[in-house]
Every structure is written in structure tokens, then in C-alpha cells.
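Here is a short report on a two-chain model.

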Amino acid sequence: MTEAVPPKGTGPLARIEARLAWGLLAPTIIAVALVVVLPLLAIFWISFKPVSLADLRPPEVVLREDIRGDDEAVGDQANIRYRLRNSSQEQPILDVSFTDRVPAGLTVTELDPRCTLEGRDLSCDLGDWEPGYRENLMIPVTIEQAYLDNGEGPKDSPAIPQGKASNVLTNATFTLDNFARVFDGDEFWSVLWVTLFYTVFGTIGALLFGLFAALLLNKSFKGQGILRGLYLFPYVSPIIAVAFAWILLFDPFSGSANALLIQMGVTEQAINFFGERPLALIMVTIFEIWRYFPLSFLFILARMQSIDTDMYEAADMDGASPFQKFWYLSVPQLLGILSVLFLLRFIWTFNKFDDIFLLTGGNAGTRTLTVNVYEQAFAISNIGAGAAVAVVIFGCLLAFSFFFFRFISQEEGL
Amino acid sequence: MMDLLRRGYITAPLLGVLWVFVVATTVAVAMSFATGAAFRPSGVGALVWGVLLGFACLPGPFWKPASAAILIAGVTLAGFGPIVIGSGVSVFSALLGAVATSGFAALGLRIMLDEVELGPINRHIFEGAVIRFCTGFGYIFFTAIVLIPFYVMVLTSLKNQAELIQNPLDFSIDFSKGTELLRSYDELFTQFDFGVYLLNSFLISVLTVAITLLFAVPGAYAVARLRFRGRAAFSRSILLIYMVPMIVLALPIYIAFSMTGLRNSLGGIIMIYPVTTIPVALYMLQGYFRGLPAEVEEAGLMDGLSRLMVIWKITLPLSLPAMASVSLYVFMIAWNEFLLAFMLLDDPSKFTLTRGIASLNSSEIPRQHLMAGSVIATVPIMALFLGLERFMTKGLTAGSVKG
């Protein structure tokens with residue numbers, strides 16, 4: 001009799017289960033690969049490319065045709081005119097050619113040496129074009145009765161141009177200029193400093209305010225639900241709406257905040273909150289705290305409500321004062337969620353773009369790394385440099401997430 | 001140091017000064033915002049009357065705090081109180097400001113100083129008083145910072161340019177103007193196509209929710225229930241995708257959409273939005289699925305249902321609350337999304353609400369239009385959220401969520 005041994009490897013049932021699992025996950029994986037992974041790879045590629053916003057439209061042959069001269073009566077001499085140009089001022093186009101149909105009743109009297117005519121099909125081979133090249137190609141024709149009868153002009157059969165243009169995004173030109181530009185000079189360090197200030201203080205501020213709000217609402221009273229809903233408003237409303245409300249509120253000329261401060265005698269002159277260094281940076285950090293304290297508050301409150309109340313009763317018996325209970329009982333219990341929130345919020349604040357973009361547009365010393373991506377790519381139209389900044393951001397992010405996973409695996413058992 | 005503070009004759013006046021100042025500032029700000037008139041807190045006034053009120057509000061007969069409050073209201077009207085009322089303020093406003101300041105100050109202090117005695121007090125009583133002060137301050141502070149921007153948003157949208165520049169603090173509404181108050185809204189809908197934007201935003205958000213659930217439900221089920229190699233790695237990489245900044249993705253997406261002609265089309269937006277929300281939804285749902293009892297599903301399997309039928313007939317009906325909160329959250333993300341809409345849409349007939357508001361931000365368009373647009377974008381999401389707040393709170397905390 002053979003001895004019974006536990007089965008080794010994966011059995012058929014386990015294989016079916018795994019296959020089903022991958023089948024269920026496949027749509028998600030494909031979608032994420034297309035929209036997240038592919039763009040990330042593209043960013044790396046583009047960051048080594050000398051590409052500007054104008055290069056996104058590859059150079060093409062622009063062709064317009066019309067008829068010049070008299071075409072009123074039989075026997076008139078006229079020209080079919082092709083106006084051709086290279087749409088790009090920087091890139092050549094190779095092997096330019098076009099094909100067209102000569103309308104019935106037009107007899108070609110003389111043919112350009114680069115063109116051939118078979119029946120009524122005209123094709124012209126124009127060779128290679130320099131950047132910014134333009135030319136008018138004339139085909140002299142004689143008008144016949146059929147042309148006048150048909151009413152079919154040259155434009156009725158559109159000419160089809162062709163040409164090979166090298167696309168800077170796909171060719172083999174690489175450069176390190178983008179990175180050189182990004183790291184060049186003092187600008188990079190000031191951007192990095194602004195990013196760190198914004199991220200560190202925004203994160204800590206949101207956590208502390210969240211903790212304070214959670215302590216306030218961690219008791220049941222009438223209206224607790226309403227207040228909880230109210231305190232979430234900054235987080236759930238559209239960023240663009242609240243950002244503009246803040247801009248109006250703190251407007252230096254007609255903002256209510258300034259009017260209030262002047263009336264209360266705090267300041268003599270109107271303060272340009274979002275336009276002065278270093279006040280603008282402090283203001284966007286305060287905005288960040290204002291907008292995201294609800295998230296911290298929600299998580300901390302959920303954790304607080306799950307703390308066992310027996311512990312507090314025991315502490316009461318031992319004569320602990322309210323501060324002591326908070327410091328020696330609540331804080332250690334909350335430390336886990338606080339540190340997870342800190343790491344998550346740190347990364348997300350680091351990644352934040354919309355808030356600063358809408359409030360100051362990155363001016364007045366508030367340009368963070370993410371705003372710099374936009375600034376380089378769209379304001380200066382240098383997509384390559386923007387991509388290089390994005391690569392730097394991604395590098396920082398990888399470092400953070402490495403730290404995050406090391407930490408969180410002990411913390412939450414993920 | 002702490003011992004020194006823990007004496008009734010120190011604690012009471014100290015808290016009195018702080019609280020009177022807080023109340024005076026609050027009333028001054030509230031009255032200024034409501035009437036546009038000149039109210040301001042006075043530091044010296046708060047100091048003098050705070051000390052007095054602190055002593056008066058110690059536990060004792062009721063007439064002490066009451067008469068102190070009446071006294072303070074009186075001196076405030078005479079111009080020497082903790083809140084200074086400018087000239088030209090209507091009698092009614094002045095009276096309201098004075099009574100509110102003294103009344104709330106006395107009421108708050110009376111509650112705070114419960115059990116505090118004039119002599120040395122013990123730790124519990126002292127800390128209780130401090131905590132009650134912090135609680136009162138906290139409610140006022142948070143309510144104020146949350147409400148003021150929204151208050152400014154709504155009331156600015158009801159005013160006109162001239163009124164706004166004349167006195168930026170005057171938010172009082174002249175109801176006699178009737179429907180003229182809503183002129184900005186009317187113009188947005190008639191001249192700026194906000195009806196179309198509203199519809200676009202709504203369609204995109206609903207489609208995003210539907211597509212997200214279609215992808216995330218099977219995925220979440222697989223991660224939560226099925227055993228396969230690489231499951232742990234998979235649930236981590238979901239978290240990792242959360243952390244990729246949108247601007248990093250937006251740049252290549254912009255390039256790809258420019259080259260393929262998908263830019264400036266709602267179809268392109270609908271292709272992108274769900275992918276940004278699928279990881280979040282998957283993460284939230286798998287947390288919920290894990291919490292469901294596996295036995296029910298196993299019973300279904302034993303009775304001959306296939307896995308897919310089990311998901312459809314057992315898991316989904318059991319997880320309706322989680323589906324509601326995930327849908328709500330995804331809807332909120334899609335509705336509020338700004339960056340992609342801003343970068344990818346140029347054609348005014350295809351704008352979403354957020355993109356439409358961004359297009360109002362120009363010097364030629366009066367700013368009450370901008371605020372009216374903001375209100376139009378904010379009200380639906382707020383209404384939805386307040387109505388379903390319970391789901392939202394649970395859903396947000398169920399799986400940690402992107403902000």
C-alpha cells in the first residue's frame with residue numbers, strides 16, 4: 001500500500017481558479033497598462049527627445065489648386081495652378097509627390113518635366129523639400145467645349161499629396177539637453193525647496209487640523225451628523241470652484257478678506273495674498289490644509305470610534321486626567337493611522353497640481369515640481385523639458401513608495 | 001508653572017479674556033459679512049471685560065453673569081466694550097452685535113468654568129475647563145473657515161460688479177430686486193451654454209461610474225476571493241498606481257490624443273476618466289468583498305452556480321451599500337476633475353462644467369459669473385453628497401482613498 005502524501009504543485013482546480021482570476025483581472029490590467037504604464041514609458045522616451053509643442057503636428061505638404069486665366073470660351077488658354085508648401089519651417093519632407101485628375105475638356109498643352117500624364121491622371125514627383133519650401137506649379141491647358149458643358153472644375157477632384165517627414169518623436173535623435181535644462185541653475189533648487197515646504201507643511205497641517213476636528217466630533221450630540229457633513233465640504237466640492245472662491249476672497253483690490261482686515265485695523269494697506277513672496281507660498285499651503293483636513297479628519301474619527309472604551313474607564317478609575325488620557329491612551333492608539341495618513345498625504349501633496357495652478361499659476365514663488373511640468377511643456381512649449389521634470393517627479397515618487405511599502409507592511413499588514 | 005495656572009483666580013480671568021476675544025472677533029466678522037457695516041474687536045476691551053466676566057461666571061448665583069453680560073452690552077453700545085461698533089451702523093445691528101457678544105461670552109464662560117473655584121483647583125477641573133474652551137473655539141473656527149468661502153461664493157454670484165467694488169464686505173441681499181438677483185445664472189444658461197456643460201458633465205460622470213464598476217467589480221472579486229500566484233503583488237501595485245501623479249500621465253496622453261485626433265472629443269475623455277478611477281474602486285471593493293462571508297458563495301458553488309453567476313447572484317446583492325459608496329465617490333472624482341478636461345477640451349460645445357468655469361476666468365467676464373458657475377458645479381455634488389453622506393463616509397474610510 002502506498003503511503004498517502006499531500007499533493008504537490010498546483011492541482012487542476014487551482015489552475016482553473018487562477019485562470020479565472022486572471023480572466024477577471026484582464027480588462028483592468030489592459031486598461032491600466034494602456035493609460036498608465038504606456039504613458040509612463042512614453043515620458044521616459046520623450047524626456048530624451050528635443051521636442052517642442054509645435055513638433056506634435058508633423059510637417060505635411062500643403063496643396064491648393066485653382067485655375068488661372070480665361071476659361072470662358074473654347075480655345076482659351078489657362079493654367080491649372082498648384083500652390084505647394086512645406087508646413088514646417090524646421091523639418092524637411094522627403095519624396096514629395098501628388099496625384100490629381102485633370103477635369104474632362106482640358107487639354108494639357110505642356111507638361112512640367114517632373115510630371116507624367118496617363119489619360120487624365122496626373123502625377124508629379126517633386127523630390128525632397130527643404131524646411132519652409134514653397135512652389136507654384138503651373139500646368140497650361142486649352143479649354144474645350146466639354147469643360148464648359150460639364151461645369152467640373154479642377155477643385156472637384158482633390159489632389160492627393162504625399163511625402164515622408166521624419167517625426168521627431170519617433171526618430172533616433174536623442175538629447176540630454178532637457179535634463180541639463182531642468183537641473184541647470186538655481187531654479188531647480190528653488191522649485192525643489194518650494195515643493196518640500198508645500199508638501200511637508202501641507203501634510204502636517206492637514207493632519208493636525210484633522211486631528212483637532214476629529215476630537216471635536218468624537219462625541220455624540222445633536223447635529224453631529226450635520227457638522228460632520230459640513231466639515232467635509234472643502235474636500236468634496238470641485239477644486240476649481242473653491243480655488244476661485246479663495247482668489248476672490250483674498251483679492252487685493254476688491255476682496256472681502258482685505259476689506260475685513262483693514263476695517264479691523266490689522267493692516268493699513270491691502271495685502272496681495274497670492275501675489276507676494278513668500279506670502280503666496282504660505283497661502284497655497286494654507287489652502288492645501290483647508291482642502292484636505294477633512295480627509296484626515298474622517299480617517300482619524302473612524303479610528304477613534306473603534307478604540308475600546310473600557311480602556312478609558314480603567315483610566316478613569318486610576319484617576320487619569322483628560323490630558324493624560326489623550327496623551328497616554330488616544331495618541332498611541334492613533335499613531336498607526338496618523339503615520340499611514342502622513343505617508344499617503346505626503347505623496348499626494350507632492351503630486352498635487354491643480355491647486356497651485358489655479359491659485360497662482362506657479363507665480364510669486366509657488367512653482368512646485370508638478371507645476372513646473374506644465375510650465376515647461378506648455379508655457380515654454382518645450383515638451384521634452386516638461387517630460388524631464390516628470391521623470392524627476394517619478395523618481396522621487398519611486399523613492400517614497402519604496403519607503404511607504406517598507407513602512408506600511410509593518411503597520412497595516414498589507 | 002502649571003500649578004500657578006491651576007488657581008481659580010488665574011484660570012477664570014485668563015479663559016475669560018481669551019473667550020471674550022474669540023466671541024468678539026466672531027461676532028465682528030459675522031456682522032461685517034452680514035451687513036457690510038464696521039464692526040471690529042478691541043483687544044483692550046476684551047482684556048478688561050474678559051477679566052470681569054471670568055470672575056462673574058464662576059459657579060455661583062445666576063444674577064452675577066447675567067448682570068455682567070448686561071453691563072458689557074451697555075458699555076459696548078457706549079463704545080468701550082470688547083467689540084467696537086463704527087459710526088453709521090443701524091441701531092438694530094449695533095444692538096444685535098452688542099447683545100450677541102456679551103450673551104455668547106457669558107453663556108460660554110458659564111459652561112466652561114463649571115466647577116472651577118476661586119482658590120486652587122485640581123487637574124481634572126482645570127483641564128476640563130481648558131478642553132471646553134478649546135471645543136468652543138474649535139467649533140467656531142472650523143465652521144467659520146469652512147463656511148466663509150462658500151458664503152462668499154454664493155453671495156457674490158447674486159451681486160453685480162458695481163455693488164461688489166463699492167463695498168466688498170457688504171453681502172446683504174436686496175430681495176426687492178426679485179429675479180434680477182439671479183441674472184448671472186440666467187446669462188450663464190442663455191449665453192454661455194452652461195446647460196450643455198451641465199449635461200456633458202453629468203453624462204461623463206455617469207458613464208465613468210458605469211465603466212469603472214464594470215471593470216472593477218470582477219477585478220476586486222478576483223483579488224479578494226480567488227487564489228492565484230501574484231495576488232499580493234497585484235494588490236500592492238494597485239496602491240502604487242494611486243500614487244502616480246496625474247500631471248505626469250497628462251502630458252503623454254495629451255501628445256497621444258493630439259496625434260490621433262482624440263483630443264477635443266468627449267469620447268477621449270470617457271476613455272481616460274474610468275482608468276483613473278478603476279484602481280481606487282477596485283481597492284475599495286476588494287476590501288468590502290473580503291469582509292463578506294465566503295460560506296454563502298461556497299453554498300452557491302455547491303448548488304451548481306458558476307463563479308460568474310455567484311458574483312452576479314450572491315456577491316453583488318450583498319455588496320449594494322459598498323457599490324453605492326464607490327459609485328458616489330467615482331462620480332465625485334469625475335464631476336470634479338479639472339486637469340484633463342482643461343488640457344484636452346478646446347471646443348466650447350464639448351466643455352464639461354469644470355472646463356466651462358475655467359473659460360469664464362477672464363478679465364472680460366464679470367466675476368459674479370465665475371462664482372455663479374462655481375455654484376452651479378458645486379450644488380449638485382453637495383446635494384448628492386449630503387443626501388448620501390452615510391455611504392460616502394463609510395466608503396471613504398473603507399479603502400484609503402485618493403485625494
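## A tyrosine and its surroundings

B:Y283 lies in helix α12 (residues 266-291) of chain B. Helices here are DSSP runs of H or I with at least four residues, numbered from the N terminus. The model is predicted: local features need pLDDT of at least 70, side-chain atom pairs count only at pLDDT 80 or more, and totals for chains, interfaces and linings use all residues. Residues are numbered from 1 along each chain as its sequence is written, and chains are lettered from A and ligands numbered from 1 in the order in which they are written.

B:Y283 is buried, with 24 other C-beta atoms within 10 Å. Buried means 20 or more such atoms within 10 Å, exposed 12 or fewer, and partly exposed in between, with C-beta atoms placed from the backbone. The C-alpha atoms of B:Y283 and B:L239 are 7.8 Å apart, across 44 residues of chain.

Helix α10 (residues 231-242) of chain B has twelve residues.

The buried residues of α10(B) are B:F234, B:I238 and B:I241. They share one side of α10(B), because their arc around the axis is only 65°. The arc is taken from the directions from the helix axis to the C-beta atoms. B:A232 and B:A233, on the other side, are exposed. The cover over the buried residues includes α1 of chain A, and α9 (194-225) and α12 of chain B.

Note on methods: Helix = DSSP H or I, 4+ residues; strand = E, 2+ residues; numbered from the N terminus. Expected span 1.5 Å × (residues − 1). Contact = placed C-beta atoms within 7 Å.
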